[in-house]
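Please consult the sequence and the structure shown below.

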Amino acid sequence: MTGIQNQIENTFARNLDDVLALSHAINADPELAFEEHRTSAAIVDVLARHGFSVEKQVADLPTAFVASVGSGELVFGICAEMDALPGIGHGCGHNAIAAAGVGAALALVPFADELGLTLKVFGTPAEERGTGKEIMVNRGVFAGTHAAMMVHPSLKDVVSPQFRASRSWQIEYTGRGGHASRPWNALNAADAMVVAQTAIGLLRQQLRDGVRVHCVVQEAGSAVNVIPDRAVAECMIRCDTIVEVDEVWARVRRCFEAGALAAGAAVDFTTQPSLYREFRHDPDLAALFETHAKAVGRTFPDYPEKLFGSTDMGNVSQVLPALHPMLSFDLPAEDGNHTAAFAVAAGGAEGDRFVRDGGLAMALTIADVAQSAPIRGRLTTSGD
């Protein structure tokens with residue numbers, strides 16, 4: 001596809017300054033999950049100026065949108081993440097993810113009809129907390145889309161990284177407060193939490209390799225001379241599949257119940273809205289993306305460890321063919337994702353390099369898919 005590839009590359013280059021300006025603006029103005037109003041508006045503005053029709057507030061989510069261009073049979077989606085991390089900003093590089101997606105989309109606009117392509121950019125809120133894509137999947141936003149992809153920054157170049165399933169719960173103990181000098185009538189909610197965490201620590205020895213149980217105590221008293229009557233924690237479990245997550249939770253829950261029993265406190269469990277499913281990478285999309293990413297200078301070493309965290313793009317991959325490659329920032333190991341240093345890099349030269357490489361590789365991958373009869377045929381008939 002040399003002729004159209006050159007044209008796509010030239011179009012991508014012409015739009016690059018505007019796309020990088022978008023990345024920098026989002027990075028400088030981080031917004032948290034479900035609150036990405038200015039970010040969403042900035043992305044929509046760029047897309048609308050380049051001919052996309054935009055449906056806002058999809059799935060009853062104020063910041064979610066779907067921007068569409070073209071009228072071809074093959075419907076291909078690009079996911080643009082928008083939310084930042086509390087206290088850190090864009091420490092997961094969502095500004096660069098969104099900009100790379102926009103850059104890829106703009107590069108394809110003039111050729112969508114020629115390629116028989118309907119291109120959709122999905123503005124997906126709350127990846128960090130709230131799993132906006134799960135909500136959008138469940139409310140039918142991705143219905144009729146044949147495939148979707150995005151690209152994510154990290155410290156490694158990996159075409160098909162392993163992402164884990166995860167789910168979170170809030171645990172609240174209610175005891176009976178009292179003065180610390182006369183504690184015998186009190187029921188110490190913080191003690192219940194200590195017992196639970198000790199039990200979980202012992203349980204970890206019996207769990208399969210790779211299973212992770214994360215707990216953070218959010219509240220457990222505020223004065224040293226007061227027996228706390230309330231303690232609150234959040235627990236997240238990561239496993240290879242969501243089925244295994246729920247199996248492990250049944251055992252972890254008993255640890256929290258043991259804490260309540262030991263301290264004489266009551267315990268309540270609330271399932272958090274964040275639900276991350278395991279990822280299924282499409283091998284055809286992966287092979288095409290790797291080819292184009294290598295052409296712009298990326299390398300994909302055979303890392304012994306390709307395990308990353310969790311992503312709600314996995315939820316999308318459960319209902320349609322998808323890809324979520326990782327492209328690296330050149331940073332020290334201690335400055336990886338979810339650090340302040342990574343947020344700074346995402347708005348600087350490393351973020352710009354990611355947008356250039358990832359955006360162009362995505363655009364060319366989608367064009368390849370549109371022109372490959374076998375892949376196109378598989379995608380457009382897979383839901384029949």
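A disulfide is a pair of cysteine sulfur atoms within 2.5 Å. The model is predicted, with local features requiring pLDDT of at least 70 and side-chain atom pairs counted only at pLDDT 80 or more, while totals for chains, interfaces and linings use all residues. Residues are numbered from 1 along each chain as its sequence is written, and side-chain values use heavy atoms, leaving out hydrogens and water.

**Cysteines**

- Zero disulfides are present in the structure.
- Cys 255 has its closest cysteine sulfur in Cys 215, and the separation of 9.0 Å is too far for a bond.
- With a relative accessibility of 9%, Cys 255 is buried (buried means under 20% relative accessible area, exposed over 50% and partly exposed in between, with a 1.4 Å probe and protein chains only).
- For Cys 79, the closest cysteine sulfur belongs to Cys 92 and lies 15 Å away, too far for a bond.
- Cys 79 is likewise buried, at 1% relative accessibility.

**Sheet and helix**

- Six strands form an open sheet of mixed pairing in the order 1-2-4-3-5-13; strands (E, at least two residues) and helices (H or I, at least four) are DSSP runs numbered from the N terminus, and two strands pair if DSSP finds at least two bridges between them.
- Strand 1 (53–56) and strand 13 (322–323) are the edge strands, each pairing on one side only.
- Strand 2 (residues 65–69) and strand 4 (residues 117–124) run antiparallel and are joined by five bridges.
- Phe 65 has Gly 123 in strand 4 as its bridge partner.
- Helix 2 (residues 37–49) packs on the sheet, touching strand 1, strand 2 and strand 4 (contact means heavy atoms within 4.5 Å).
- The direction of helix 2 makes about 10 degrees with that of strand 2, where axes are lines fitted to C-alpha atoms, for helices over the stretch in contact, and angles run from 0 to 180 degrees between N-to-C directions.
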